Structures are given as structure tokens and as C-alpha cells.
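Let's learn to read a protein model together. Have a look at the sequence and the structure, and then we'll talk through a few features.

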Amino acid sequence: MSRRRYVARGVPGGYRIWDNKARRWWGDLYELCPDDLLNELNGSKNSEKITALLQRYRVQKR
């Protein structure tokens, strides 16, 4: 099994997505763990679905 490129890491205030290849944070701070977003980023990488998931998580933050 290969290493996952994107992983969620707990930080004060919630979760952030860490990019193992670029070695930097990706995206925003999330209050809930974005499991379905991580699965899409590490899986099929459908840009439309990723955009919809990002919008959904941004709405949850408000």
C-alpha cells in the first residue's frame, strides 16, 4: 500500500490537511475532520467533487 499524499492532522481549533509531497498545509482550517474530502484528494481527484466538498466545509464553518 502506498503512502497517502494528503492526511488530516489535528491542530488547535480543528483539523488541517497536510500535503506530504509538497510538505506544506493545503486548504483551510476545518472544525470537523474532512474524511470525504481526503478520500477524494487521495482517490479519483475529481475537481468538481472537490470544489463541492470545499464549499460544503466552508459553509459549516460559518
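**Reading contacts, burial and charge pairs**

Q: What does N20 touch, not counting residues up to four places away in sequence?
A: A contact means heavy atoms within 4.5 Å. By that rule, N20 touches R3, R4, R5, V7 and R9, with residues up to four places away in sequence left out.

Q: Before we go on, what kind of model is this?
A: This is a predicted model: local features need pLDDT of at least 70, side-chain atom pairs count only at pLDDT 80 or more, and totals for chains, interfaces and linings use all residues. Residues are numbered from 1 along each chain as its sequence is written, and side-chain values use heavy atoms, with hydrogens and water left out.

Q: Where is the place of N20?
A: Helices (H or I, at least four residues) and strands (E, at least two) are DSSP runs, numbered from the N terminus. N20 is in the loop between strand 2 and strand 3.

Q: Is N20 buried or exposed?
A: Buried means under 20% relative accessible area, exposed means over 50%, and partly exposed is in between (1.4 Å probe, protein chains only). N20 has 17% relative accessibility, so it counts as buried.

Q: Which backbone oxygen lies 2.9 Å from a polar atom of the N20 side chain?
A: A polar contact is a pair of N or O atoms within 3.5 Å; within protein, one must be able to donate a hydrogen and the other to accept it, and residues adjacent in sequence count only if both atoms are side-chain atoms. Here it's the backbone oxygen of R4 that lies 2.9 Å from the N20 side chain's polar atom. The side chains of N20 and W18 are also joined by a polar contact, of 3.3 Å.

Q: And where is W18?
A: You'll find W18 in strand 2, residues 14–19. Its relative accessibility is 14%, so W18 counts as buried. Leaving out residues up to four places away in sequence, W18 touches R5, Y6, V7, R9, R23, R24 and W25.

Q: How many salt bridges are there?
A: Side chains of opposite charge can pair when their charged atoms come close. A salt bridge is a side-chain nitrogen of Lys or Arg within 4 Å of a carboxyl oxygen of Asp or Glu. The count comes to four salt bridges by this rule. One of them pairs D19 with R5, with the closest N and O atoms 2.9 Å apart. D19 lies in strand 2 and R5 in the segment before strand 1 (6–11), so the pair ties together parts that are 14 residues apart in sequence. D19 is buried at 2% relative accessible area, while R5 is partly exposed at 33%.

Q: Which residue forms a salt bridge with R58?
A: That's D28, and the closest N and O atoms are 3.3 Å apart. R58 lies in helix 2 and D28 in strand 3 (residues 24–30), so this pair ties together parts that are 30 residues apart in sequence.

Q: Which residues make up the largest nonpolar core?
A: A nonpolar core is a set of buried Ala, Val, Leu, Ile, Met, Phe, Trp, Tyr and Cys residues joined through side-chain atoms within 4.5 Å. The largest one has ten residues: Y6, I17, Y30, L37, L38, L41, I50, L53, L54 and Y57. Helix 1 (35–42) and helix 2 (47–61) each supply at least two of this core's residues, and helix 2 gives the most, with four.
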